[in-house]
Amino acid sequence: MTAGSLRPNRLDTLRVRRDKSVKTVLNRGMPATPEPRRAVVIEDDPDIRGLLVRVLTKQGFEVTEAGAGFPGIEAVRNTRADLVTLDLNLPDLDGLEVCNRLREFSDAFIIMLTARVDELDKLTGLDNGADDYINKPFSPREFQSRINALFRRSRTPAADEAAQNDLRRAAEVQQSLLPREEVRLDGYEVAGVFRPSRSVGGDFYDWYQTPGGLHLTFADAMGKGMGAALIAATARAVMRSVRHDPDLGNAFNLASRSIASDLDISGSFVTLFHARLDAGSGKVSYVDAGHGLALHLQADGGAQRLPSSGPPVGAWGDADWTEADLALAPGDSLVVVSDGVLDVFGSVEEFTDAVRRSTHGQPTAREACAALLQLAPADTAEDDVTAVMVRRLAGAAGTAAP
Amino acid sequence: MDLSYEVKDSYAEIKAAGRLNMVSAPKLREFVADVVASGSSRIVVNLEDTAFMDSSGLGALIGCLKAARQAGGDLRIAAVQPQVKMVLELTSMDRVLTSYATADEAFGND
């Protein structure tokens, strides 16, 4: 596999209906009813916007309109549009920038509109993600025939459905790889949430009980979509394979070595956080390979970020990761979050503070995780968003000092 | 993302302007591969106008660094902006991808 094969294509981004809410069990057997075609018109001139809306509505589209770039991007995300008309000169964002941002999550046909002929010449020579260009003023008939031509070139319904089924199945498999079993660990609760930005994603977490406590793995594979999901599943399997090695550092280095060369060849990497909890003492031993977004939350509301001890697995040869540990006192939590949450904030400090505030005082680990998900609302988050929490219950039986 | 390059005395400077993400990462990889193939293996990627980089973007920089080293040269980055710096530090990749204040300084001492 080359690096190029990890790039998004239309099949990667086919839209599969999914809940915006937290979901741990996938709704099986979703009906494959055809949905109406949706269009978003991003145009600041109200007259032209009105005209575009009329033409598209007449063509049978469900149309959403936006007068600027940011609300336009949001509308495309919310409606999962099939077609976008995009004015080049918008009050808030350059049309080309809007186009770039749309291409990060949408495979909608994008038609760019511009009033300037010289711009049109320049644009058509560039590979900027748009599917067609129209010069203003345009005739409604020309516009109509361009749209028809785009959709004629589109994939066949049968191929579309097969690809959708594949993706749906992949999403089911990925969900089934998340830990299902309730953790029954005296004095602790464990919870996790996972919201891929597409139907499948590169984030994942895993945990399982051991005689003395719990093992926890949290990973974020480079990129998004199917390629990232394949790498995530591999990392999960490899980390599970070393569970019986009593030496954490040894186990981690063994596991990472066994996937590093594959990752190197595919031009990819995975950030990996792996922890082992000794339930009796509250001691957590961990290794952090390039993740850097694990936090020790103290019962009194304090928070400490655990810095990573080396590069992501597969990113750079000859890496060696050192083991570190922390003591979970009653009321303390270990929380690991994906960078999809970090992206919302301007700095690591702001991020740390937001995690601390949103989780402090939450009655359960599950509710704390749900609150973390809310930090990156589904409407605006561009990356997979994942959070896991291991909480030592306050007043729990144990030997660690408070 | 807009990419351009200029061959200087002892290195080639590549200017990357825009968001370095899953969409633009393959473009940067191809662009740097072309520059390396054309004979310049000492490369500075000027990130002055790159306000955002995600994991795919980081993967591209790492891939480009490997390509430059394989060709006997090196790749260094310059004028790194706060979000990009944050990603490099979180992932500990700041130890591998050395950053300099300006493109001129990147190969200043060798």
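First, the ground rules. Residues are numbered from 1 along each chain as its sequence is written, and chains are lettered from A and ligands numbered from 1 in the order in which they are written. Because the model is predicted, local features need pLDDT of at least 70, side-chain atom pairs count only at pLDDT 80 or more, and totals for chains, interfaces and linings use all residues.

Confidence next. pLDDT is the predictor's confidence in each residue, from 0 to 100. Chain A averages 83. In that chain, 85% of the residues score at least 70. Which stretches stay under 50? Residues 1-33 of chain A do, and so do residues 397-402 of chain A. Where pLDDT is low, the predicted coordinates should not be read in detail.

Now the layout. Chain A has 11 helices and 15 strands. These are DSSP runs, numbered from the N terminus: helices are H or I, at least four residues, and strands are E, at least two.

Look at the open sheet in chain A. Five strands run in the order E2-E1-E3-E4-E5, with parallel pairing. Two strands pair if DSSP finds at least two bridges between them. Which strands sit at the edges? Strand E2 (62-66) and strand E5 (132-135) of chain A, each pairing on one side only. Strands E3 (83-87) and E4 (109-114) of chain A share five bridges. Leu83(A) stands opposite Phe109(A) in E4(A).

A helix packs on this sheet. It is H5 of chain A, residues 140-153, touching E3, E4 and E5 of chain A. Contact means C-beta atoms, placed from the backbone, within 7 Å. The direction of H5 makes about 175° with that of E5(A). Axes here are lines fitted to C-alpha atoms, for helices over the stretch in contact, and angles run from 0 to 180 degrees between N-to-C directions.

Last, the inside. Of the 402 residues of chain A, 43% count as buried. Buried means 20 or more other C-beta atoms within 10 Å of a residue's own, again placed from the backbone. A nonpolar core is a set of buried Ala, Val, Leu, Ile, Met, Phe, Trp, Tyr and Cys residues joined through C-beta atoms within 7 Å. The largest has 112 residues. Which members touch the most others? Ala235(A), Val270(A), Val335(A) and Ile43(B). Helix H7 (225-241) of chain A gives the largest share, eight residues. A second, separate core has 31 residues, including Leu88(A) and Met112(A).

Technical notes
Contact = placed C-beta atoms within 7 Å. Buried ≥ 20, exposed ≤ 12 C-beta atoms within 10 Å, placed from the backbone.
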